[in-house]
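Visitor: I have just opened this structure and would like to learn how to read it. Could you walk me through some of its features?

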Amino acid sequence: MPERKMEVMAAQKNTEAVVATPREGKFNKNAARRVRVAGKIPAVVYGAGQESVAVSVDPKVITRILHSDSGHNTIFDLNVEGSAAVKAMIVDWQNEPIKGKLLHIDLKRIAMDKVMRVSVPIQLVGIPVGVKSQGGILEHVLREVEIECLPADIPSHLDVDVSNMELHSLIHVSDLPHSGSIKFLDDEDATVAHVTIVKEEVAPVEEVAAAPTEPEVAKKGKTDAAAAPAAAAPAADAKDAKKK
């Protein structure tokens, strides 16, 4: 098995705090629409054994977090007006299907001393030898892996160096870096990536069924039957000529 260099990138914590304003009144579609018209998006804050709170937040701040290196795994300070600041993460969000604008998000309070489950992306680095010189292709099978760890130990992503992979080489979950701070929850034998051969597609050969051949007797019968009217016509003309 080729030697592989693998790196775990520490999750970058977003230094920009998210300020949330509590929402009051009815929480229906009309109320959510009014929040968006005002330039904010509706959100819900829950977790850490506390009650859920309906709030509104700045979509620009949330977008910057989602597009950061650590993405939705980013841990940030959440300041809900009238409450003490807490650590939080984005656990769910909804986008407008056409323009892609944020419509709603769910924020979860995080206890930094409690283990949690998250999905972390796997990034393949380099071009395998099996692709460069052996005519293979690299297939990235498992793009995310589920892990369990403390919030401070969540990696933004896992980098896997695939440069030394030869044809038919595989990387499994068991080949990913296993440290005491991270527990992998996926099957250790699950394939992360492999180098395989490009298979040529062979066009299927369609068999053309030959038209059934009629027996010679049948052919002769059809010919005689067809010729009978034509043969009778001259005889009739001869009789008419004699009468005249």
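Visitor: Let me start with strand pairing. Which residue in β6 is the bridge partner of Leu-78?

Guide: The partner is Val-86. Keep in mind that this is a predicted model.

Visitor: In what order do the six strands close into a barrel?

Guide: Follow them as β2-β4-β3-β7-β6-β5, with mixed pairing. On average, neighbouring strands of this sheet are turned by 45° against each other, direction ignored.

Visitor: Where does helix α1 lie?

Guide: Look at residues 29-37: α1 lies across β3, β4 and β7, and runs at about 110° to β3.

Visitor: Back to α2, then. How do I read the sides of a helix?

Guide: The general idea is a matter of spacing. An α-helix has 3.6 residues a turn, so residues three or four places apart point the same way. In this structure, the buried residues of α2 are Val-61, Ile-62, Ile-65 and Leu-66. They lie on the same side of α2, because they cover an arc of only 135° around the axis. The strands that these buried residues pack against are β2, β4, β5, β6 and β7.

Visitor: Which residue caps the N-terminal end of α2?

Guide: That is Asp-58, which has a side-chain oxygen 3.0 Å from the backbone nitrogen of Lys-60.

Visitor: Now a residue I picked out: is His-140 buried or exposed?

Guide: To decide, compare its relative accessibility with the cut-off: buried means under 20%. His-140 has 18%, so it counts as buried. You will find His-140 in strand β9, residues 136-140.

Visitor: What does the side chain of His-140 make a polar contact with?

Guide: One partner is the side chain of Arg-143, at 3.4 Å. A polar atom of the His-140 side chain also lies 3.1 Å from the backbone oxygen of Leu-142. If you set aside residues up to four places away in sequence, His-140 touches Ile-122, Leu-124, Val-192 and Ala-193.

Visitor: How many residues are in the largest nonpolar core, and which touch the most other members?

Guide: There are 23 residues, and Ile-147, Leu-176 and Phe-184 touch the most other members. Two or more residues each come from β8, β10, β11 and β14. Of these, β8 gives the most, with four residues. Apart from this core lies another, of 19 residues, including Val-45, Phe-76, Leu-78 and Ala-88.

Visitor: What is Ile-147 in contact with?

Guide: Leaving aside neighbours within four places in sequence, its contacts include Met-116, Val-118, Val-120, Pro-155, Ile-182 and Phe-184.

Conventions:
Residues are numbered from 1 along each chain as its sequence is written. This is a predicted model: local features need pLDDT of at least 70, side-chain atom pairs count only at pLDDT 80 or more; totals for chains, interfaces and linings use all residues. Side-chain values use heavy atoms; hydrogens and water are left out. Two strands pair if DSSP finds at least two bridges between them. Axes are lines fitted to C-alpha atoms, for helices over the stretch in contact, and angles run from 0 to 180 degrees between N-to-C directions. Contact means heavy atoms within 4.5 Å. Buried means under 20% relative accessible area, exposed over 50%, partly exposed in between (1.4 Å probe, protein chains only). A polar contact is a pair of N or O atoms within 3.5 Å; within protein, one must be able to donate a hydrogen and the other to accept it, and residues adjacent in sequence count only if both atoms are side-chain atoms. The arc is that of the directions from the helix axis to the C-beta atoms. A nonpolar core is a set of buried Ala, Val, Leu, Ile, Met, Phe, Trp, Tyr and Cys residues joined through side-chain atoms within 4.5 Å.
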